[in-house]
Amino acid sequence: MAFWLMKSEPNVWSWDQQVKKGTESWTGVRNYQAANNMKAMAIGDQAFFYHSNIGKEIVGIVKISKLYYPDPTDETGKFGMVDVTAVNPLKRPVTLADIKNTPALKNMALLKQSRLSVSAVTPAEWDIILSLSQTPR
DNA sequence: GCCAACGTTGGC
DNA sequence: GCCAACGTTGGC
């Protein structure tokens, strides 16, 4: 099983909305690298749900519930999407600052390619972030 | 609100 | 196929 990180601006699509809806299609990706990451996803893969711009923190975990398929909001037909289902919130959000302050996470794609909206997370990074979320600040 | 980083577009 | 111009993202 692989791990991922997906960014959403909470004023467009927030974690609370994701929880309320349960499963939602991840529309709107218009970047080949992000689309390629979604193509590589398998059912049951887990992803961190990250709030960009507002909050700048990982707030929850979703799982991939539908494989890559065409995004109806893309008029060019070039890009697709996956469906994601809310799994659980983090005990406490892990902020961008937390990640930057953790030496073992300094190579995360999130930091290296700040504009990439769907990125891969290594199992080691995944575990570290989970343990951060279980540690009181 | 600004600006750096970077991806995309389009002229040549 | 190159590269300048432009648009967008996202942190600060």
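Helices (H or I, at least four residues) and strands (E, at least two) are DSSP runs, numbered from the N terminus. What you're looking at is a predicted model, where local features need pLDDT of at least 70 and side-chain atom pairs count only at pLDDT 80 or more, while totals for chains, interfaces and linings use all residues. Residues are numbered from 1 along each chain as its sequence is written, chains are lettered from A and ligands numbered from 1 in the order in which they are written, and side-chain values use heavy atoms, leaving out hydrogens and water.

**Overall build**

- Chain A has five helices and six strands, and along the sequence they come in the pattern β-α-β-α-β-β-β-α-α-β-α.
- The radius of gyration of chain A (taken over C-alpha atoms) is 14 Å, close to the 14 Å that the globule rule (2.2 Å times the number of residues to the power 0.38) gives for 137 residues, so the chain is as compact as a globular protein of that length.
- If you follow the C-alpha trace along its principal axes, chain A spans about 45 × 30 × 30 Å.
- Take the contacts in chain A (heavy atoms within 4.5 Å) with a separation of 6 or more: residues 24 or more positions apart account for 68% of them.

**Inside, outside and charge**

- Of the 137 residues of chain A, 47% count as buried; buried means under 20% relative accessible area, exposed over 50%, and partly exposed in between, with a 1.4 Å probe and protein chains only.
- The accessible surface of chain A (Shrake-Rupley method, 1.4 Å probe) comes to about 7200 Å², and 53% of that belongs to carbon and sulfur atoms.
- Chain A has 16 positive charges (Lys and Arg) and 12 negative ones (Asp and Glu), not counting His and the chain ends.

**Aromatic pairs**

- The structure holds five aromatic pairs: rings of Phe, Tyr and Trp (its six-membered ring) pair if their centres lie within 6.5 Å, and planes under 30 degrees apart count as stacked, over 60 as edge-to-face and the rest as tilted.
- Trp26 and Phe49 make an edge-to-face pair, because their ring centres are 5.6 Å apart and their planes sit at 85 degrees.
- Trp26 lies in the loop between strand S2 (23-25) and helix H2 (32-39) and Phe49 in strand S3 (residues 46-51), so this pair ties together parts that are 23 residues apart in sequence.
- Trp26 is buried at 6% relative accessibility, and Phe49 is buried too, at 0%.
- Tyr32 and Phe79 form a tilted pair, 4.9 Å centre to centre with 40 degrees between the planes.
- This pair links distant parts of the chain, 47 residues apart: Tyr32 is in helix H2, and Phe79 is in the loop between strand S4 (57-70) and strand S5 (80-95).
- Tyr32 is exposed at 51% relative accessible area, whereas Phe79 is buried at 8%.
- Phe3, Phe48 and Trp126 are joined into a cluster by ring pairs.

**The loop between S3 and S4**

- Ser52 belongs to this loop and is buried, at 14% relative accessibility.
- Leaving aside residues up to four places away in sequence, Ser52 touches Lys7, Ser8, Glu9 and Pro10.
- Asn53, also in the loop, has a positive phi of about 65 degrees although it's not a glycine, and Asn53 is exposed at 54%.
- Back to Lys56: its phi is near 50 degrees, again a positive value in a residue other than glycine, and Lys56 is partly exposed at 42%.

Note on methods
Charge placed at Lys NZ, Arg CZ, Asp CG, Glu CD.
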